[in-house]
Amino acid sequence: MPQVLFFGRLREIAEAAGRAITFEPTTKTVENLVLRIASLDPDLGEAIKKPGVRCMVDGLLIPIDENAFEISTAKEIAFLPPVSGG
């Protein structure tokens with residue numbers, strides 16, 4: 001089971017830096033994982049679905065709606081909100 005991490009405002013919404021999320025047999029892509037997270041925590045799921053949120057799987061940037069990338073063997077999955085600055 002991969003470690004699922006949250007950064008920035010996503011960490012605030014999740015009230016934790018990461019969570020242990022049990023993958024179901026259908027949890028094979030990032031998009032499936034987002035749906036799983038939304039079923040467990042609707043507010044966090046909606047925040048992850050917002051434009052600009054990025055996902056890194058074992059250090060590789062993957063589009064959230066990418067359905068061809070298999071995540072079942074991943075060790076770490078991180079969700080990052082858009083970065084802003086001055």
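**Contacts, core and sheet**

Author: Residues 24 or more positions apart account for 57% of the contacts with a separation of 6 or more. The model is predicted.

Reader: What makes two residues a contact here?

Author: Their heavy atoms must come within 4.5 Å. Take I21, setting aside residues up to four places away in sequence. Its contacts are M1, V4, L33, R36, I37 and L40. From I21 to M1 is 20 residues in sequence, yet 7.6 Å in space, C-alpha to C-alpha.

Reader: Where does I21 sit, and why is it called buried or exposed?

Author: I21 belongs to the loop between β2 and α2. Its relative accessibility is 3%. The cut-off for buried is under 20%, so I21 counts as buried at 3%.

Reader: What is the overall make-up of the protein?

Author: Three helices and five strands. Along the sequence the pattern reads β-α-β-α-α-β-β-β.

Reader: How do you know how compact the protein is?

Author: Its radius of gyration is 12 Å. The globule rule gives 12 Å for 86 residues. The two values are close, so the protein is as compact as a globular protein of that length. The C-alpha atoms fill a box of roughly 40 × 25 × 20 Å along the principal axes. Of the 86 residues, 37% count as buried.

Reader: What makes the sheet mixed?

Author: Its pairings run in both senses. β1 and β5 are parallel, joined by four bridges. β3 and β5 are antiparallel, also over four bridges. Pairing requires at least two bridges, so four bridges make β1 and β5 a pair. The sheet is open, with five strands in the order β2-β1-β5-β3-β4.

Reader: Which strands are at the edges, and why are they called that?

Author: β2 and β4. Each has a single partner strand, so one side of each has no neighbour in the sheet.

Reader: How many aromatic pairs does the whole structure hold?

Author: One. It consists of F6 and F79.

Reader: What parts of the chain does the pair link?

Author: Distant ones. F6 is in strand β1 and F79 in strand β5, 73 residues apart. In the sheet, F6 stands opposite F79.

Reader: What does α2 bury, and what does it pack against?

Author: V30, L33, V34, R36, I37 and A38 are buried in α2. The buried residues of α2 pack against β1, α3, β3, β4 and β5. V30 gives one example: beyond four places in sequence, it touches C55, V57, I62, P63, I64, E66, I71 and F79.

Reader: Where is T29, and why is it called buried or exposed?

Author: T29 lies in the loop between β2 and α2. Its relative accessibility is 8%. That is under the 20% cut-off, so T29 counts as buried.

Reader: What makes the link between T29 and N32 a polar contact?

Author: Their side chains are joined at 3.0 Å. The limit for a pair of N or O atoms is 3.5 Å, with one able to donate a hydrogen and the other to accept it. At 3.0 Å, the T29 and N32 pair falls within that limit.

Reader: Which residues beyond four places in sequence does T29 contact?

Author: E66, N67, F69 and I71. Of these, E66 and I71 are also touched by V30.

Definitions and conventions: Residues are numbered from 1 along each chain as its sequence is written. This is a predicted model: local features need pLDDT of at least 70, side-chain atom pairs count only at pLDDT 80 or more; totals for chains, interfaces and linings use all residues. Side-chain values use heavy atoms; hydrogens and water are left out. Helices (H or I, at least four residues) and strands (E, at least two) are DSSP runs, numbered from the N terminus. Buried means under 20% relative accessible area, exposed over 50%, partly exposed in between (1.4 Å probe, protein chains only). Rings of Phe, Tyr and Trp (its six-membered ring) pair if their centres lie within 6.5 Å; planes under 30 degrees apart count as stacked, over 60 as edge-to-face and the rest as tilted. The radius of gyration is taken over C-alpha atoms; the globule rule is 2.2 Å times the number of residues to the power 0.38.
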